[in-house]
Structure formats: structure tokens, C-alpha cells
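Subject: Structure handover

Hello,

The structure you asked about follows below. My notes on it come after the coordinates, grouped by topic.

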Amino acid sequence: MKLCLFDDYRLGVVEDDAVLDVTDALNEYDRGFLTPSWVRFCRDHESVLPRIRQLKDSVQPRRLAEVRLRAPVLNPSKVLAAASNYGDHVQEMAPRVQEWMLDFDIFLKAPSSVTGPGSTVALPAVDGQEIHHEIELAVVIGRQARNIDEEDALHYVLGYTGLIDITVRGSGDRSRRKSYDGFAPAGPWLVTADELPDPHEVDLRLWVNDELRQDASTSYLLVSIPAMLAHASRIMTLLPGDVFASGTPAGVGPINAGDRVVAEIGGIGRLVVDIA
Ligand code: MN
């Protein structure tokens with residue numbers, strides 16, 4: 001099932017070119033479209049998803065092109081991301097960064113950096129430094145996870161979405177360089193884990209304008225998604241609605257005002273943003 005948030009944070013199911021409004025499947029106290037309703041939905045998904053499945057075929061479809069999609073990420077307690085998780089990206093960065101940055105690690109992006117599909121990202125003034133795109137498969141957490149084992153880790157996953165980890169290249173803390181407003185376009189929707197049983201078979205392709213810059217597969221992840229989740233859960237409790245971007249393959253490069261960035265995440269969809 002492809003779940004989206006749209007318009008005034010309605011909850012929808014995407015089928016082909018249509019959106020089915022299933023907001024009424026939410027618990028009653030969540031129908032006022034208060035922002036934490038998404039986090040509660042992530043937490044309560046085991047009871048809400050069956051209601052969505054029941055409801056969706058009885059509602060009037062709307063054309064996908066006529067709704068405004070929002071990021072399928074709303075008020076997460078954190079946006080985690082993996083660094084140095086593809087060998088070819090580590091190689092391309094080796095001449096540019098300090099050695100410690102080439103080791104796998106996890107870091108945080110400000111939740112306020114999240115923006116939705118179709119949005120325009122206004123680049124900040126960064127004094128001549130390049131601002132790069134990084135296409136990533138992102139995990140959305142569905143169950144609180146603390147000190148979990150790798151073998152069980154996928155049970156804590158509600159689903160997956162695409163994320164562009166926009167980054168100011170250069171020295172200084174990642175949490176600043178990756179947290180400007182708009183630096184985490186996410187979407188175009190969330191695909192529930194049952195539809196993506198193996199997150200290590202996802203093709204990732206990113207174009208800037210018509211130039212293919214990144215073309216890889218999550219099969220090349222150095223640290224697998226379950227291992228990444230287990231590792232992170234030993235550092236900080238993963239909460240429903242949290243987002244974890246799994247790292248980017250080679251081909252990162254600069255984006256500039258006027259560019260259109262298209263990120264295609266296999267089995268999920270196309271995430272498009274404009275750069276201003
Ligand atoms: Mn990244």
C-alpha cells in the first residue's frame with residue numbers, strides 16, 4: 001500500500017494515478033489533522049492499517065495530479081542518517097574530506113529540514129561551498145526500538161520512502177551542513193514494509209536536470225538496514241515516526257538555483273524538487 005499525506009494533511013492511499021482519502025480510518029482523536037497524528041498513526045499502524053485497507057475501496061478517488069503531496073514524515077523525534085555507507089561514495093569522498101569522515105557512522109539532521117515532494121528548496125548562502133544532492137532510501141520506524149537485535153530489526157520498520165540528503169560540502173559539523181531548511185526532501189510517499197520485503201534490492205537513480213548523476217542499488221550498502229537499525233537503537237531509542245536515511249552511493253555533485261532534481265527510488269516512486 002502506498003500511503004501519502006496530502007492537502008491539509010489528509011491521509012491517503014495512492015493507487016495508480018489516484019489518491020484515496022482514508023483519513024476516516026484514523027482514530028477519532030486524530031481526525032483534526034493536528035500534526036502529531038502522523039506519529040500516532042506510525043505507532044498505531046497495526047490497528048489502523050487494516051481499517052485503511054477496508055475503507056479505501058469505498059471512497060471517491062481523486063486524481064494524484066490534483067492533490068498537493070506532503071512529506072510522509074511529520075514531526076519525527078529525529079531524522080537519522082548513515083554516513084559512508086557505500087564503498088564507491090567513500091572512494092569519491094576520500095580526496096575531499098578528513099579520514100575520520102570515511103568511516104561508517106550515524107548522524108542527525110534537524111527534523112525541520114524535511115520538505116515534501118514538489119517543493120522548492122532555497123539554497124542558503126554558504127560562502128562559495130558546494131551544496132550536494134545525496135539520494136537515499138529512508139526507513140520510517142513503526143515500533144519503539146531500543147537495544148534491538150539485527151535479526152529482529154525489520155519488525156520495527158513501518159515502511160520506506162525516498163530522501164535527498166542535501167549537504168553543504170566542506171568542513172564543520174554534519175548537523176549544521178545537512179540541516180538547513182529544506183535539506184531533507186522526503187517522499188513521494190511511504191511504501192509499507194510488506195510491499196518492500198527486501199530493502200536491499202532497491203534501485204536508486206538521481207538526475208539533475210537531464211543529467212543522470214547517481215545510479216546504484218541498495219544491494220551495495222556496506223552496513224545493512226537491519227544492522228544500521230540495531231546499531232542506532234543501542235545509542236538512542238528509535239521512536240515511531242522516526243526516519244533513518246541509509247546513506248548515498250557515488251555520484252554526488254553540486255546543485256544550483258534553477259536545477260530540477262529527480263530522485264527515483266525503485267518500488268517507491270519519483271521525488272522531484274526544484275532548487276532556487
Ligand atoms: Mn547522506
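Helices, meaning DSSP runs of H or I of at least four residues, and strands, meaning runs of E of at least two, are numbered from the N terminus. Please keep in mind that this is a predicted model.

Cavities

Searching the whole structure gives two cavities of 30 Å³ or more. The second largest cavity holds about 30 Å³ of space. Its lining consists of Leu5, Tyr9, Leu11, Leu26, Ser37, Trp38 and Phe41. Helix 1 (residues 37-43) gives the largest share of that lining, three residues. Sorted by class, the lining of the second largest cavity has six nonpolar residues, one polar residue and no charged ones.

The largest cavity contains about 210 Å³ of space. It has 21 lining residues, and those nearest its centre are Ala83, His89, Glu134, Arg169 and Arg174. At least two lining residues come from each of strand 6 (79-83), helix 3 (87-93) and helix 4 (174-177). Helix 3 supplies the largest share, three residues. The lining of the largest cavity is made up of eight nonpolar, six polar and seven charged residues.

Manganese site

Which residues coordinate the manganese ion? The donors are Glu134 (OE), Glu136 (OE) and Asp165 (OD), at 2.0 to 2.1 Å. Along the sequence these donor residues follow the spacing E-x1-E-x28-D. Glutamate 134 and aspartate 165 are 31 residues apart and link distant parts of the chain. Glutamate 134 sits in the loop between strand 10 (131-133) and strand 11 (135-141), while aspartate 165 sits in the loop between strand 12 (157-164) and strand 13 (167-168).

Are these two residues buried or exposed? The cut-off for buried is under 20% relative accessible area. Glutamate 134 has a relative accessible area of 4%, so it is buried. Aspartate 165 is at 0% relative accessibility and therefore also counts as buried. Glu134 is also one of the residues nearest the centre of the largest cavity.

Largest pocket

The largest pocket has about 200 Å³ of space. It is lined by 15 residues, and Tyr9, Ala71, Val114, Thr115 and Gly116 are the closest to its centre. Strand 5 (69-70) and strand 8 (114-115) are the elements that give two or more residues to this lining. By class, the lining of the largest pocket has nine nonpolar, four polar and two charged residues.

Five strands form an open sheet in the order 9-20-19-15-16, and the pairing is mixed. Strand 9 (120-121) and strand 16 (211-217) are at the edges; each has a single partner strand, so one side of each has no neighbour in the sheet.

Within this sheet, strand 19 (residues 260-265) and strand 20 (residues 269-275) are antiparallel and pair over six bridges. Here valine 262 has valine 272 in strand 20 as its bridge partner. Strand 15 also pairs with strand 19 in the antiparallel sense, over five bridges, and arginine 205 stands opposite glutamate 264 in strand 19.

On its other pairing, strand 15 (residues 203-208) runs antiparallel to strand 16 and is joined to it by six bridges. The bridge partner of leucine 206 in strand 16 is glutamine 214. Strands 15 and 16 form a hairpin with two residues between them, and asparagine 209 in the turn has a positive phi of about 55 degrees.

Strand 2 (residues 10-15) and strand 3 (residues 18-21) run antiparallel and are joined by four bridges. Valine 14 is opposite valine 19 in strand 3. These two strands form a hairpin with two residues between them, and aspartate 16 in its turn has a positive phi of about 55 degrees. Strand 3 is in turn joined to strand 4 (residues 62-63) by two bridges, again antiparallel. There the bridge partner of valine 19 is arginine 62.

Helix 5

Helix 5 (residues 225-233) is mostly covered, with eight of its nine residues buried. The buried residues are Ile225, Pro226, Ala227, Met228, Leu229, Ala230, Ala232 and Ser233. The elements covering them include strand 6, strand 7 (105-109), strand 11, strand 12 and strand 17 (243-245).

Regards

Terms used: Residues numbered from 1 in each chain as written. Predicted model: local features only at pLDDT ≥ 70, side-chain atom pairs only at ≥ 80, totals over all residues. Heavy atoms only, no water. 1 Å grid on protein atoms, 1.4 Å probe; cavity = no way out; pocket = protein on both sides within 12 Å on 5 of 7 lines; lining within 4 Å. Points joined across faces, edges and corners; volume = space filled by probe spheres on them. Nonpolar A, V, L, I, M, F, W, Y, C, P; charged D, E, K, R; others polar. Pairing = 2+ DSSP bridges. Donors = N, O, S within 2.8 Å, 3.2 Å for Na, K, Ca; no water. Buried < 20%, exposed > 50% of the residue type's maximum accessible area, 1.4 Å probe, protein only. Contact = heavy atoms within 4.5 Å.
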